[in-house]
Every structure is written in structure tokens, then in C-alpha cells.
Amino acid sequence: MILKILAVGDIVGLAAVEYLKNNMWKIRRMLGADAVIANGENACDVRGIGANEATALLDGGVDLITTGNHVWGRRDIYSVLDDDSRIIRPANYPAATPGCGHSIINVCGYRLLCINAQGTVYLDPLDNPFTAVEKILTAEEGRYDISLLDFHAEATSEKIAMAMNFDGRINIVFGTHTHVQTADERVMAHGTGYITDLGMTGPDNGILGSAPEPIIERFKTHMPQRFSVAEGETVLCGAVFELDTDSKRCLSVKRVRLAPSDVV
């Protein structure tokens, strides 16, 4: 069987949440997606995701939400992370933090292991993400059919190294965090589908989703500024991974960039 998994890049702002809530099923049908995995760590205007936003995304057609270094921005998400396996946080945070770093969901009868990990280059000095992912694969051996990893990281080299290290063992690896979609989508030597960064789902006329003026002022003056979400139409960025469930190889990776006018 051929499965199509849509991975949605970092969701920025409440307007983007509302847009996905109202259009996700249209987008799924248009792309033929059997499942949707979305990074939601910036769903609450710039930083964090709240319980209401998580519920809106999950009710609107997202199957599982991954996060990253901004996951702790809203305290009301802590109990959701503990209680709902459809939202996960990076696995290499300390075990005492709320939630879990992986989850298994059903996709057309196949057990999809979804893993979330965070890079340590230019980010918080967490546990080694390579070791954390390895531990999950070992612990869940025999309990899943296909696998996926959202590696939330700053350095492109760290992302590529992660994908090459697990090439053939994790079926889909994609990067998040930079909010800029990369043009290096590919199927790796041993069948893993990969892209360094999915990009951002949010307002297209800001700076990484934020209003440009405070960011420009900070660069010019090095003085603190209050950031806010940019205005303008929401553009969805991500990638569709086409996977052969028999060979466990990814057949293709296609970048996605959809403006509202593209959704029919």
C-alpha cells in the first residue's frame, strides 16, 4: 500500500490555527494525504501552544502535533501533554517534564511511530538527541510498522547528520524550527524521505511570522523589543511524503506551499 503523509511546518499565530481548522480537510483531500503531522509550538501568537489551539488543530484534521523549544510557553498545555498522546514534546527533555517524546497513531491500519527530538547546536543543552531517538526505537521495537521523526533544530548539519544516521531505520525525517523551507527534499540511499526544514505555516509578509518592525529595530539597536505576529494571509508550508508500506521505502518527497487561493 502507498501512504501519503503531509508534514506541516511550524504553525505561527492564532490566525494560522483558525485557517487550518477551517481548511485542513480540504487540503487533505486536495493532496491525497492519509495523515497530517504538524509542528504547533508557535500556535499562540509567536511563542507556545495552548490547550484551545491544540484542540482546534486536532479537531480540524491534524492527526498529531509535534513541538520544540517553545513548547513550554503556555502553562495550560502541560496537562494536555500528559493526557493526550496526540501532542508530543522533544524526547530529549528531562523525563520529569510534562508529556512524552513519541507516540504511535493509526494510519489506514498501519502503526505510525512519531518521534519528536530537539537539536543541541545553538539551542538548549539537552540530552543527546541521537541517543534519545535510538532509545525510543529500541523500546518500541515490534510495536510499530512505519516511523517518522520531527527534528526541531537550528543547524542544518545537525539535521542532515540525524537523517543520515537513521537512514533506512526511520522512514520519514523532516526538520523544523527555522521557519524557512529548504529545497533539499530527497529520498536517501536507504529509503528515508528527508527535507532539512518544512518551513512555516503563518503570515507570509513578516519575518519568520513576526511583524517586521520590532525585529528590524532590534537588529539595528540591539535593544529589547516586543514581538507580535505579522498580518496578512496565511501560507501553508510543508512536504508530502509518499511511502511504500511493503518495502518500507519512501518513494518521493514533494515540497508544499499553499496560499489560500490554492486551496479548492
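At what angle do helix H1 (residues 14-31) and helix H2 (residues 51-60) pack, and how far apart are their axes?

## Packing of H1 and H2

In this predicted model, the two helices pack at an angle of about 20°, and their axes lie 8 Å apart. Because angles under 35 degrees count as roughly parallel, H1 is roughly parallel to H2. The crossing in which H1 passes H2 is left-handed.

On the H1 side, the contact is made by Leu-14, Val-17, Leu-20, Lys-21, Met-24 and Trp-25. These residues meet Glu-53, Ala-56, Leu-57, Asp-59 and Gly-60 of H2.

## The six-stranded sheet

An open sheet is built from six strands in the order E5-E6-E7-E8-E10-E9, with mixed pairing. Strand E5 (102-107) and strand E9 (186-187) are its edge strands, each pairing on one side only. Within the sheet, strand E6 (residues 110-118) pairs with strand E7 (residues 146-152) in the parallel sense, over seven bridges. Leu-112 stands opposite Ile-146 in E7.

Two helices lie across strands of this sheet. Helix H4 (residues 129-139) lies across E5, E6 and E7 and runs at about 160° to E6. Helix H5 (residues 156-165) lies across E7, strand E8 (172-176), E9 and strand E10 (193-195), and runs at about 165° to E7.

## Strand E1 and its partners

Strand E1 (residues 2-8) is mostly covered, with five of its seven residues buried. Its pairing with strand E12 (residues 234-244) is antiparallel and extends over seven bridges. In that pairing, Ile-5 stands opposite Phe-241 in E12.

E1 is also joined to E3 by four bridges, and these two strands run parallel. The bridge partner of Val-8 in E3 is Ala-38.

Asp-34 is found in the loop between H1 and strand E3 (35-39). Is this residue buried, partly exposed or exposed? Its relative accessibility is 25%, so Asp-34 counts as partly exposed, given that buried means under 20% and exposed over 50%.

When neighbours within four places in sequence are left aside, Asp-34 is in contact with Ile-2, Leu-3, Lys-4, Arg-28, Asp-63, Val-107 and Cys-108. Asp-34 and Phe-241 are 207 residues apart in sequence, while their C-alpha atoms are 10 Å apart in space. Phe-241 is the residue of E12 that stands opposite Ile-5.

Notes. Residues are numbered from 1 along each chain as its sequence is written. This is a predicted model: local features need pLDDT of at least 70, side-chain atom pairs count only at pLDDT 80 or more; totals for chains, interfaces and linings use all residues. Side-chain values use heavy atoms; hydrogens and water are left out. Axes are lines fitted to C-alpha atoms, for helices over the stretch in contact, and angles run from 0 to 180 degrees between N-to-C directions. Angles under 35 degrees count as roughly parallel, over 145 as roughly antiparallel, 65 to 115 as roughly perpendicular and the rest as oblique. A crossing is left-handed if the near helix is turned anticlockwise from the far one by less than a right angle, and right-handed if clockwise. Contact means heavy atoms within 4.5 Å. Two strands pair if DSSP finds at least two bridges between them. Buried means under 20% relative accessible area, exposed over 50%, partly exposed in between (1.4 Å probe, protein chains only).
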